[in-house]
Structure formats: structure tokens, C-alpha cells
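Okay, thanks for coming, everyone. Let me put the model up and then walk you through a few parts of it.

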Amino acid sequence: MSFLKPLAVLFASAAMTVAATAAPEVGKPAPDFSATDSNGKTVKLSDYRGKTVVLEWTNDGCPYVQKHYSTKNMQALQKDAAAKGIVWLSVISSASGEQGAVSGAEANTLSEKRGAAPAAVLLDPQGKVGRAYDARTTPHMFIVNGDGTLVYMGGIDDKPTAMTSDVKAAKNYVRAALDELAAGKPVATPVTRPYGCSIKYKHSS
Amino acid sequence: MTNWVSKSVRGLFLACILLAGGASAEAAPRKHVEVDLLAGNTAVVPGETITVAVRERIEPEWHTYWLNPGDSGEPTTIAWSLPQGFEAGPIQWPLPDIIPTPPLVDYGHRGELLLLVDIAAPKDVAGDSVTLAAKVNYLVCKDVCVPEESDVRLTLPVAAAGGGAPSDHAAAIATARAKVPVPLPGTAAYSVDAAKGDLRLTVSADASILDGATDARFFPLDWGAVSNSAPQKMALDGGRLTLDLKQGETKETPDKLEGVLALTKGGERKGYVIAATRGPDGAALGAPAKLVEGGASGGGIAAPRADTPAVNDGGVSSVGLAILFAFIGGAMLNLMPCVFPVLAIKALGFAKKSEGGHVQQGFAYLGGVLVCFAALAALLAVLREGSAAFGWGFQFQSPAFVLALAILFFVMGLSLSGVVSFGGGLMNAGDALARKPGNAGYFFTGVLAAVAATPCTAPFMGAAIGYALTQPTAVLAAVMLGLGLGFAAPVVLLSLSPGLQRVLPKPGAWMETLKQVLAFPLYATAAWLVWVLSIQTGSDGVMAAALAFVAVGFAAWLAGKTAYAPLRTKLVAPVLGVAAFAVSLSLAETAGSVNMAATSEKAALSGETFTKARLDGLVADGKPVFVNLTAAWCITCKVNERVALKSDAVADAFAKRGIIYLVGDWTSRNPEITDLLQKFGRAGVPLYLFYPGGGQEPRVLPQILTVGLVLDETKTKAKIAGPSSNKGA
């Protein structure tokens, strides 16, 4: 049966190829999803057709997330977005028991405590939304335009460190992209390096 | 003396400060990494460079990150505070480990990590000691990540030129230096298939570097162009290694794709710095990647464990895959025309003896085939040790071998025709054994079938042999036996399955007729072999063959006549036959060596004779070139030439497109052709290459050609893909 093993390898690599090509691409329709938010409500991406949607992968235990929350950088972006009618969805893909995994109530308390202003916090302990977007880090940012097209994916800014002192001087890619979209311009830098902690996905899926 | 005292006091003082510092650090929250600074020398010499190491002693199961951290994380940074005039070089990063955190793949380090930095001292150094200090920032992760910061410092005395000596840490620093990737003594290029998101990295280097590599992994220096989590598939063809990668998120295709190539050999990894230049688009670059599944060391989605990053069973699965391919290739050989005459005999044998015992016969046949392939494996292994240029089908390059086979087929034909019937004795060595009913006959039919199959290099087999030649002897043997198993499979199957056997016709009077008819394919084969010999040796060889046929024919007739004579008389025929056989072989071999030099030109039927210099010259001039590597004994080659390459349509197209047609004839040994075959991962002919010109990489055509295929593949206006980077809308 020794020949079964190479066969298995062949099939496995074929399967992985499919998975790899299924990654979202800028300029293509963003993967739709249905997820439960911190208030138990079902949220679908397609519900927001016509509006710009920001997806923010987060994990409150991650130093890179803390960098942007302790400096109020993330909250400021969220508030600006809300004022412009942009839908901000924070997504937690930490598996149950892993760092960053919270209940709905805990998520709401966290938002309150931090002064965060997302339209909704999506709980994704199975990692379905995260894997659909190939989200890897916290933070990892995605922007979907009103047509449902993915127009930005990557980091929040260009300083891939955990140092709060770097926030001020950094070029914030998300702010720049949102400004460009508001002005009817294409996003100048649509793909950047996401940086931060790895997302604590559920194992063996 | 006073100087010595002052230094000692200062040293004591510094020690106290360090101790105090250490004590105060105890109070801080426990860190996951202990960081300190080591020097390879006991002193700093003005105007010289000293190597220091920032040592990270990382808590078990935790890791810090490489220069490019991969999908997440952040590399260590060192901010130096050095005395006036001192300059620190970049961090000399050791080869990273793969740190899979499914579905992500990071690049980092575990255990003890030494980050080497060269620090150049100015010519004038004030004071008699210097303090090197640095702030080290790093992210350390297990399941969770913690950014840490450590301050390190090291005070060293200043010595005059020639002063100082290797310190206690010199050995550790030397070990660390050995882990730093070195520039690859070779070249690297990559091609893009944008539609599929595939990248193919092609690395050419000396066999001493690539040979025996069981796993390869490319670590890109920068984020974006290459997917970190996609598995990387390795293929190794002698002096060339290909690695199939996936594009990263940016889909960028830089002019130079920089990174580190890690090669695993015998459980040890070595890193090479490469900057792959961008080649033409499309996946048709060079030989197809095949056979070696370079281990899913990248993990990809399936990577299960985090504690064995680089070592995996890639070697095992790649060998398994090679054997599987060899098996398929061997089975396919049964469809090849050159096996047909032997198959005819075999079919005859089954028809004769359909009452049973087929299972034993099937396995006897299998045994014959396996013995032959094992012998061939041994021969390949032995020959590989020597530096002779050779390849699959190389036996056919020996005129003596060709003639021996021709005589064998001739005698077998005589036997089928009823001129002679062998009862035993020396002449049985060939055909009679194969014809003999029972297990011995099947054993030798297997031997014969295996020998006759050599010139039919099916695509699978060529690839398997090419792979095997680059492998350790055990793997080579396993692949060869895989070929043999596949080759014998149809007959074994036939012998095992009564259902299949029932398809065979019932014995009867028709058998004698069939036997006589079957003599003619054997004569035809003998005739063809003489033609091969004529190309190898010229008219002298043909004369030797003709004389041998006469002598052997006479011996066969004599053997029949004296079958019931006393032993002494009886022995005359075989002795005569063997003598004729030996003499003719030596004649053929001599004729062959005389003729060797002229052979290649003679065999170039149309088109120019291939030489490496000619090909290189044409390619350098940017001319489109079609290369046909062929041999007289290669039936596939001849069929392709008749069907496709010699057709008017192809000739017209070549003329119109200005394609220069080079023919390389491998009927006799030709090291330049052997080299080119090996470059494309082949161990035998045919090989068809099209160089589109204009510096583009050659395309490899399939081994079975049609007119349409040749016309399509040789379109000189190759499509150049559009914009090289699509950053999206």
C-alpha cells in the first residue's frame, strides 16, 4: 500500500491549491458571509450593499491591537467612518478558549470600556469569516465598496511594530483608502502587508 | 603595571554595575527571552572589525521572528548605542525555521538564537575600553504574542594591533556563522503563470550543491510576492531544481525575487541567498515539475505540528511517488511497439498452455523482468560512479550489444520457422529459454522483454530514470524495480485472472501457423537492428552482422542435423555458433569505434547537426531554434519524424518562421547530447525543444508529436503577458 501515500499527497496538494486560489482578491467581489454579532443578531455582508464596509479583525489581548486602541487610533477611525455612513464591522475569529475569544456581553463591555464605535462586533469562533477572507493577523483590515467589491486588504498602517510611538508618524492606509473612496477615486494602495499577532483560529479544520 | 591595575578596578566596578542591573531586572515581570551580548574576541582593536552576537535564549515552545516574519509577527530589531566612530553592520540572520500556525505560516527561530553583527572600530579609539550597548526589540510568541525589549551592553578592553584573542564565545559565534545563508554559487530565475497564480523558481547550481536534496524551501525576503502558507513543490533534475510556489497577495513580479533557499540533505539544512531574475511568463518553462513532492514542510492548511519545522518525511513521500510513476511508466511500456515481438511470443505461450499453471508462469515472468531491471539498476549505479556519459537506452549505443540482440532475434526467428528446435545446451541462453514452456521459459521471456523495451522511453519512464539517476543507490534500485513491476503487471494480471485468460484463443492447429507467422516480426526486428548497426558502424558492421547471420544460421542447421549424434559431434554446432557470435561482436565493436567520430553527421538526415556551440550561438543571436534529439534505435523518435517533423507542413512552417532545425543523434554516445538531456531532466530520447528566440526560455514539446502540435508549439511570436503587476482596481 506504499503507493497510497504519494496519492494522498497528490490529492492533498490539489486540495490546498484550491484553498489557496480561493483567497479574496482586490477588484473582485468580496466573499459574502453570515455571522452572529455580539447582540445575537445575524449580520450578512450583502445586507450592506450600497454602503462601504470596513472589516477589522481584532483580538483585545494582542499587543498590536492594543497599540491602536490605547492610542485611540482605531476608535477615531471607527467614529469618522460612522459619521460618513460607513459600516464598520469588528470581527473576532479567536477560537473558544483562545486569546481574544469573548462572549457577546464581554464584547459589548469591551467596546464600551475602550470607547470603540463599530457598527457591530461579529463573533466568528469557528473562523469561517476569517478563513473566507484569508485573514491572518490582528489587526487585518479589509474594505468593501458599495458594489460589494473588495477594494482594500492589508495592514492598518505602514509601521509594523507594537510600539505606540509609531502610530503618529505612520501612514494610515485605511484612512487614506476611505478618503479616496469618498472622493470617488480608486484606492491608490489597495494591498499592503497585514501585521500583528496571528489570528488564534480553531485548530484542525 | 598601573595600567593593569586600573583596568582590573574598572572591570570590578563594571561587574558590580552589571550585577546591580541584573538584580533590578529580577523585579521586572519575567521575560520569555533572555537577551545578552557576546563578542568573539577578548578585545577591540582600533581599525579592525569585531563580530558580536545578540543572543536570544528563547523559552521552550516560544519563538521570535526572522527578517521576514511571514504571515504574522515582527522581526527582532537592534538599536545600537556605540562609542564615537564605531559602526555596526546589518544583522546576519541565520536560516529561519518554518513556524506553522494553521492556516498561517511564519518564519522564525526557537531555542537559542545568535544574531551576528559586525562592528567596525575606528582607527583612533579614545580610552582603553569601550562599551557597546543596544536596545533589542522583539516579538516573542507561543499561542499569544508579547513584545519585549531588552537593553544589552558589553565592555571590552582596547588592544593594540595584533592584540586580543578569540574569546570563550568564539566557537558559538563560529557555529552561528555557519548557519548564515551564503550566496548561491549558481543562478536562479522565476516564471509566472498569472492566470493560475503560480510561480516557478528554477535554480541551477553545481550537482554537489543540489544532488541528494530531499527538501527545498524558499523564504522570500519581502512580503507580498510569494504566498507563505502555500506548499512548495520541489523537483530535482541533476543540476537544476525547480520549486513551485504560489503568488502572494500583491501579485507583484519584481525584477529580482530575493530570498533564501533552504536545502535539506541528510537531515541537515543549508541556506543559500538567491535573487531570482524574472523569466518569461507561463508555466512552460523547462521540464515539468514532477515526481518529487518536496514535502509539505510549509505546512499549508494541513500543517499539523509546530515543533518539527523543517525536517519532514518529504523524502519518503517523494520516493514513493517516484516509484508510483515508475510503475505506471513500466505498465505503459507494454503498449510500445518495440516490446511487441516479445509479447507475441508470450501470447503464444499462453495459447499453448491454457490448462493452468499460469500463476506460476506469470510470476516467473515477473521474476525475469525484475532480475533484469535489478541488473540494470546495478549497472546504472556502477556506471554513475564512473563519469561516463550515458543514459537510458545506453546499451543500444554499443554496436556489440545491438548485434547480439539482432542475432538473438534472428535465431529466435529461425526457431519459430522450424529450422531448428533446441533441446538444450548452450544455445538455450537466448531464444529457446524464452520459448520453453513452463516457468523457466517465462522467466527468460521476462528478461528478453525487459531488454527489448529499453529504447522505448515513455515520458513517465524517462522522468523516473532522470529522477533515479540523481538519487542514492537504494532509491535508484527502488525506482528501477518499480519500473519492472509495472512492466510485468499486465502479464501477471493475465496469469492471475481466469476471466482474462478465457479471452485467449483455444489451442489448435492454428498455433503452428501462428508460430511460423510470428517469426516474421522477429526477422523484421533483426533487420531493424542491423539498420541501427549500420548507422553506428557503417558498412563494416553490416558485413559483420551478415556473416554472423550466415554462421549462426549454419550452426542452427547443423544443430538440428546432429541432434541425435554423439556428444562430440553434437558440440560442434554450439561451439561454431558461439565462435561466430563472438567474432562478429568484436568486429562490430571495432567498426563502431572507427565509425564513432563520423556517426553524428551521417545520421543528421535533414536539418543541421546539433552541437552545443551551434545551439548556444543561435540562441545568443536570438534566432528561433527547434532541437530534435533522436536515435536510430528509438522507434518513438522515428515515428515522430515520419508523422510530423518530415511533413511538408512543418518544413514550410519552419522555413517561413525562420526556425533553424537542429538534429542531435544519440545513436552512438555523444556527451553533449547527454548533457542537454540531463539539463531537461531526461535520461533518454526523444526530446524536442523549441527556443522561441529573443532570449526566451525553451519550451519542451511532448514526446508524441503531431503536425498540428508542432505548428502550434513553434509559433515564434510568443505571447508576452500584459502588465506584470495588477494591483487591482
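Let's start with one pair of residues: Asp97(B) stands opposite Gly108(B) in β7(B). Before I go on, this is a predicted model, where local features need pLDDT of at least 70, side-chain atom pairs count only at pLDDT 80 or more, and totals for chains, interfaces and linings use all residues. Residues are numbered from 1 along each chain as its sequence is written, and chains are lettered from A and ligands numbered from 1 in the order in which they are written.

Back to that pair. Strand β6(B) meets strand β7 (residues 104-109) of chain B in the antiparallel sense, over five bridges. When I say strands and helices, I mean DSSP runs numbered from the N terminus: H or I for at least four residues, E for at least two. Two strands pair if DSSP finds at least two bridges between them.

So what order do the three strands of this open sheet take? It goes β3-β7-β6 in chain B, with antiparallel pairing. At the edges you have β3 (64-70) and β6 (97-101) of chain B, and each pairs on one side only. The twist averages 45 degrees from one strand to the next; the axes are lines fitted to C-alpha atoms, for helices over the stretch in contact, with angles from 0 to 180 degrees between N-to-C directions.

On the other flank, β3(B) pairs with β7(B) over three bridges, antiparallel again, and there Gly70(B) stands opposite Asp106(B). Six of the seven residues in β3(B) are buried. Buried here means 20 or more other C-beta atoms within 10 Å of the residue's own; exposed is 12 or fewer, partly exposed is in between, and the C-beta atoms are placed from the backbone.

Let me zoom out on chain B. There are 20 helices and 23 strands, and 47% of its 729 residues are buried. Of the contacts between residues at least 6 apart in sequence, 79% join residues at least 24 apart. A contact is two C-beta atoms, placed from the backbone, within 7 Å.

Now β2 (residues 49-58) of chain B, where eight of ten residues are buried. Seven bridges join it to strand β1 (residues 33-39) of chain B, antiparallel, with Leu37(B) partnered by Val54(B). Nine bridges join β2(B) to strand β8 (residues 112-120) of chain B, also running antiparallel, and Thr49(B) stands opposite Ala120(B) there.

On to the cores. A nonpolar core is a set of buried Ala, Val, Leu, Ile, Met, Phe, Trp, Tyr and Cys residues joined through C-beta atoms within 7 Å. The largest has 74 residues, and those with the most contacts inside it are Ala53(B), Leu201(B), Val203(B), Ala216(B), Leu241(B) and Leu261(B). Strand β9 (residues 129-141) of chain B gives the largest share, eight residues. At least three residues come from each of domain 2 (31-178) and domain 3 (182-312) of chain B, with bounds from an automatic or database domain assignment.

Take Leu261(B), which sits in strand β17 (residues 256-265) of chain B. Why does Leu261(B) count as buried? Because it has 26 C-beta neighbours inside 10 Å. Beyond its neighbours within four places in sequence, Leu261(B) has contacts including Leu184(B), Val203(B), Phe218(B) and Ile274(B). Leu261(B) and Ile274(B) are 13 residues apart in sequence, and 6.8 Å apart C-alpha to C-alpha.

Last stop, chain A. In helix α6 (residues 173-182) of chain A, the buried residues are Tyr173(A), Val174(A), Ala177(A) and Leu178(A). They cover an arc of only 130 degrees around the axis, which puts them on the same side of α6(A); the arc is that of the directions from the helix axis to the C-beta atoms. As a reminder, an α-helix has 3.6 residues a turn, so residues three or four places apart point the same way. Their cover includes β3 (53-57), α3 (73-83), β7 (140-144) and β8 (150-154) of chain A. After α6(A) comes Gly184(A), with a positive phi near 75 degrees.
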